[in-house]
Amino acid sequence: MITITHSAGQYPIHFTSLTQALQSLPQDAVVLTDENVFTAWKGQLSQVPNVCRIEPGEGSKSFERYREVLSWMAKSGCSRRTTLVALGGGVIGDLGGFCAASYMRGIPFVQIPTTLLAQVDSSVGGKVGIDLPEGKNLVGAFYPPHAVHVPSEALSTLPDRQLRNGMAEVWKYGYILDAPLVDCLTRTDVRDDLQPIVQRCIQLKAEVVEADEFEKLGIRAKLNFGHTVGHAIEQVLRYEEFLHGEAIAIGMVVEARLGESMRITAPGTASVIEAQLKTAGLPTTWSGLQNPDPLIAAMRRDKKAHSGQLAFSLLTQIGECKLVENVAEGEVRSALLNS
Ligand code: NAD
Ligand code: ZN
């Protein structure tokens, strides 16, 4: 078990099975999940009386779905004491968490993340929310869960592409904070036993979010290695061609190259990262990098960019990073064109 401490208390992260996680819930808990997760884990879910199933996909992080889930909760007789359980990937966790944060001004919330990305990233740290047509994650809250149960067997039904998608974030943790994790990822076929790796990533994220719960000190921003470029790629492509982890894999290569040209990142790091991510089955380049203007415009809107100045979490070497602000546009342009 890992315990996360935040300003309003603490919550435990249990490493468990799905059956055990479901058995540990209060009798009157309600479960929010999506159709894919429901179909994959129907047997286990048949024991749960109150399940709300929604369409899978990012489209469900919408006001419409948010309202529908809240109405479903009201009609199901949820009270201020009812626990809302988000069983699914990051979409379910973010939407469910925002519903829990706002229903009757906040009810107990439990996360059971079923994608690798949700296990190592979105279920930890207390950020919840939905999208607007104007942009992703524009509406939300910091609402820490009361508990997180990480069911390792859930990953057995995850499509390969989704698993690789989550692995991009795993590599990211290694690159920014933990060189031995990178060694471990290169030495072994991690799919054989992902649980110790998931635990390590959660531990790393826990340390970062505990040091900067509300993302105000520039510490949490370190987790954004690969993300300034990755988010820009996702925006330019309207979230269509690449999954998030795929876009940040390309972003990590570009940002390592940027760091090298700024003499912040040790020479040779970008090629090492590129080779490792390629071996992991992730994309490391994209033809659209040759058209830097729309990407740079998107980067100026990044949440790390104050007054439109470009900011990046850059590696100093594998296993260490720092937030670098006011990066010159010319440097970014060259890194994009050379990637
Ligand atoms: P997702 O929730 O859409 O899940 C990906 C796909 O896998 C979906 O089709 C889903 O139905 C399916 N799936 C989930 N679990 C499965 C299982 N065990 N077996 C078979 N299929 C399964 O996407 P995601 O990648 O988990 O999360 C992405 C979302 O997370 C984005 O909206 C992003 O903004 C958010 N996010 C939030 C945070 C945060 O701190 N709150 C951090 C990172 C990402
Ligand atoms: Zn990410």
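**Close-up 1. Helices H7 and H8.** The axes of helix H7 (residues 160–177) and helix H8 (residues 179–187) come within 6 Å and cross at roughly 135°. Axes are lines fitted to C-alpha atoms, for helices over the stretch in contact, and angles run from 0 to 180 degrees between N-to-C directions. H7 contributes Met167, Val170, Trp171, Tyr173, Gly174, Tyr175 and Leu177 to the contact (heavy atoms within 4.5 Å), and H8 contributes Ala179, Leu181, Val182, Leu185 and Thr186. The model is predicted, and local features need pLDDT of at least 70, with side-chain atom pairs counted only at pLDDT 80 or more. Residues are numbered from 1 along each chain as its sequence is written.

**Close-up 2. The open sheet.** Seven strands form an open sheet in the order S1-S2-S9-S6-S5-S3-S4, with mixed pairing. Strands (E, at least two residues) and helices (H or I, at least four) are DSSP runs, numbered from the N terminus; two strands pair if DSSP finds at least two bridges between them. S1 (2–6) and S4 (51–54) are the edge strands, each with a single partner, so one side of each has no neighbour in the sheet. On average, neighbouring strands are turned by 20° against each other, direction ignored.

**Close-up 3. Strands S3 and S4 with helix H4.** S3 (residues 30–34) pairs with S4 in the parallel sense over four bridges. Thr33 has Arg53 in S4 as its bridge partner. Helix H4 (residues 63–75) packs on the sheet and touches S3, S4 and S5 (84–88); the direction of H4 makes about 160° with that of S4.

Key
Chains lettered and ligands numbered in written order. Heavy atoms only, no water.
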